[in-house]
Amino acid sequence: MTVTGWIIMILAVGGMTALLGWCIYKVVATPGSTAHLHSSADETPDVEED
Amino acid sequence: MNQQNGGKENWATRIGVILAVTGSAVGLGNFLRFPGQAAQYGGGVFIIPYVVAFLLLGLPIAWVEWSMGRFGGARGYNSAPGVFRAVCGKPWASYLGMLGPLIPVVIYMYYVFVEAWCLGYAWNYLSGDIQLGDEPEKYDSFFATFVGSGKDGAAFTADGTQALVFLAICFVLNFYLIYRGLNKGIEWFCKFAMPALVLCALVVLGRVLTLGTPNPDLPEQSLVNGLGYMWNPVHQAEHLAPGDKPIKALAQRSTVDAISGFDDSDGYLTFNIEDEPAFAWALEQAEWKPKQARQQQSQDTVGETGPTDQPPLAGRFVHDDSQAVLQINGGRAAFLGLVDNGDALMPHDVRDEAVEMLLTMIPVQAAIADRDERTLRGFDIQDADSFHAALTATGWKGRSDGLEGRFEHKKSRLILEVGARRAEISIPGFLQSLANPEMWLAAAGQIFFSLSVGFGIVITYASYVRRDDDVALSALTAASGNGFCEVALGGLITIPATFVFLGVTAVASPPGTFGMGFVALPSVFNQMGILGPVFGFLFFFLLFLAAITSSLSMLQPAIALFEEGLGIGRKASVAMLGFITFAGAMFIVYFSKDLLALDTVDFWVGNVCIYIMATVQVIIFGWVLGLKRGMEELDRGAEIRLPRFLGFLIKYVSPLYLLTIFALWLKTDLPTRVEAVADVEEGQMPVVALSLGLIAIVLIFFILIINRAVGRWNKQEAAQKEVSP
């Protein structure tokens, strides 16, 4: 494996992992994000209504 | 509008919707297609057009779908026809969304069958039925029997029972989950399935990254070289197995003579020959003769030099009744024609074309001005290190001592001169490889198919997001989750593992997504020792999870249309969709010979239709809804600030990019596909035409449903206006 190969692999794998990590951090850590959460009991699918 | 459920259905959690969308995107393509594409186009260099396509095409379209879906959902619509009506503000716009339910439903018809293969393989690893030894042919045969690719209707014979059982299990599981509803079915399942998928992948990845060099007799088949094959910007000669003596270069400009340019007195081409007469025929068609044989031939009677007099060859040669394929370390030639006891029945012009194909597919292109000088012998090397390095880079492993003449190595060019004779070999370097338009097309296609944009699924999923909830970050998270599975997991598992155990020949010309996944990889797991079956099970189970989270998402768009368009409940919608998809799946399963029905439907719906759908979506967003309103919609509730030039990308770059790759892609594939419609073997069913008929029937069905829905929505809107004038 060449040096360029190592660099490309590290940048590609590291970059995609870092992007996902940052996104997950933002989703979890954003203040007020929990406001979007609610119990599934609040949203009963109509399957039970039928 | 969704009056039936009163618009009550919503995602329960933020994480839930992200996992559901990511699960929809992550599929077999992440673990099988992406690595195969990257390896085919030279390894690491592929990642550049891949990233560009991700940024210019994938992400913008994903944001468009999420914001349009939420826009429609806030107005009571969950299906693509309804969302398009809401966005355009015109009843007729619903018909533009006809592909929204069609694409996922038709894809589901064959995707659930592939999902059944994954589950079946995982089960066979648990039961030990797939430990078939070291012969690759047995894995090929197992796959052919399992999926019934030998003949139509094979799945309905005793041999095909297993596939049908797993198909039934998958079908029931999918419909049970979809019947449970959005958050108690899809979301609940994805919350478990996606982490489990990543966990399985990480375990398999851990094993792959600790493979080292399992066979000391084959030191070049190491993990590092396997990673190198996947990630090096261009393929290097170090990946060749010892004993392989490839002749990559020194070809004539004339295409036919190019093959005879493969010289070698030291016996360079080494092939495993299973069918010598046919192989000799193929070589003869290629006008290839080793130097020794040529010399011998000049002395002996013409024709007496048989294939056994030739030096051993390395590579792969296969043939059937209508085609012979000669493969030389990544170079590949398909000789279309009949093989009849070694007699050539191939027209001359076809042969020339086939030979040209071999030449163009060999990674290192070469040309030599003088046709009589086809060897490197006789050169005086001034720069031995560069010369040997260049030779190694071209794959040359023959003797290079005693060479005379002039050698010049300029980056990607190798120039050899003896007197008036001059040989010039071009070695595709990083920039040269990057300039390959086919690779850019392939990368764009990979991003497009992988992110599941244009399927009509994300629009429906996003319609269940609340009006002020974020979509910008959610879309980015889902896209990056898909990218992570593709690049960080798929990119480190499939090719390196296959390379380590099966060598360069197995990865140089990947045998397609199914061949790689269901034939090559089982052979790899077999060689992993006592824990091989465990890793085999984990790998196919993760493929199954990837498949079911995708197939599940394919059902919701049609369910949404039935519910809001016909005003029927979930139970009736699920029953109706179950009948339609079951009938379609049986069609695909029955016409299993060479997987022709599956392949046809995949091309026309899984490729052509999603390009059209994505283009329609981007145009509606950028040009009908308008950039100002569109960006405002995208920014509503956004937890990340999107760059302002995104609007420009969506309005101009993405449609152009889409239309360009679509046109190029059609130019490449369409003629063959159109010809295939009329290409029916005598006594066989016109499977391609029937498959197109199936698509047409489903399309007409959805147009009728949309027609009914439009009438219903018009009445509802009129009633609302009367109530609140």
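User: In which helix of chain B is B:T494 found?

Analyst: B:T494 is found in helix α19 of chain B. Helices here are DSSP runs of H or I with at least four residues, strands are runs of E with at least two, and both are numbered from the N terminus. This is a predicted model: local features need pLDDT of at least 70, side-chain atom pairs count only at pLDDT 80 or more, and totals for chains, interfaces and linings use all residues. Residues are numbered from 1 along each chain as its sequence is written, while chains are lettered from A and ligands numbered from 1 in the order in which they are written.

User: Why is B:T494 called buried?

Analyst: A buried residue has 20 or more other C-beta atoms within 10 Å of its own, an exposed one 12 or fewer, and a partly exposed one falls in between, with C-beta atoms placed from the backbone. B:T494 has 31 within 10 Å, so B:T494 is buried.

User: What does B:T494 touch, not counting residues up to four places away in sequence?

Analyst: B:T494 touches B:F31, B:L32, B:P35 and B:M516. Contact means C-beta atoms, placed from the backbone, within 7 Å. B:G517 is 23 residues from B:T494 in sequence and 8.5 Å away in space, C-alpha to C-alpha.

User: What makes B:A475 buried?

Analyst: B:A475 has 29 other C-beta atoms within 10 Å, and so it is buried. B:A475 lies in helix α19, residues 472-502 of chain B.

User: Which residues is B:A475 in contact with, leaving aside its neighbours within four places in sequence?

Analyst: B:A475 is in contact with B:A62, B:W63 and B:W66. B:E65 is 410 residues away along the chain, yet its C-alpha atom is separated from that of B:A475 by 9.0 Å.

User: Why are α3(B) and α24(B) called roughly perpendicular?

Analyst: Helix α3 (residues 47-74) and helix α24 (residues 596-635) of chain B pack at an angle of about 70°, with their axes 10 Å apart. Axes are lines fitted to C-alpha atoms, for helices over the stretch in contact, and angles run from 0 to 180 degrees between N-to-C directions. Under 35 degrees is roughly parallel, over 145 roughly antiparallel, 65 to 115 roughly perpendicular, and the rest oblique. α3(B) and α24(B) are therefore roughly perpendicular. Among the residues making the contact are B:I61, B:W63 and B:F71 of α3(B), and B:A614, B:F621 and B:L634 of α24(B).

User: How do the residues of the contact of α3(B) with α24(B) divide, and what are the classes?

Analyst: They divide into nine nonpolar, three polar and two charged. Ala, Val, Leu, Ile, Met, Phe, Trp, Tyr, Cys and Pro count as nonpolar, Asp, Glu, Lys and Arg as charged, and the others, Gly among them, as polar.

User: How do you know how far helix α26 of chain B reaches against what is expected?

Analyst: Helix α26, residues 687-723, has 37 residues. The expected span is 1.5 Å times one less than the number of residues. That gives 54 Å, and the helix reaches 54 Å from its first C-alpha to its last. Buried residues in α26(B) include B:V687, B:L694, B:F702 and B:W713.

User: Why is B:D594 called partly exposed?

Analyst: B:D594 has 14 C-beta neighbours inside 10 Å, so it counts as partly exposed. B:D594 sits in the loop between α23 (570-590) and α24 of chain B.

User: What makes A:V3 exposed?

Analyst: A:V3 has 8 other C-beta atoms within 10 Å, so A:V3 is exposed. A:V3 is found in helix α1, residues 3-29 of chain A. Chain A comes to one helix and zero strands. Of its 50 residues, 20% count as buried.

User: How do you know where confidence stays under 50 in chain A?

Analyst: pLDDT is the predictor's confidence in each residue, from 0 to 100. In chain A, pLDDT stays under 50 over residues 34-50. Where pLDDT is low, the predicted coordinates should not be read in detail. Chain A averages a pLDDT of 73, and chain B averages 74.

Definitions and conventions. Two residues are in contact if their C-beta atoms, placed from the backbone, lie within 7 Å.
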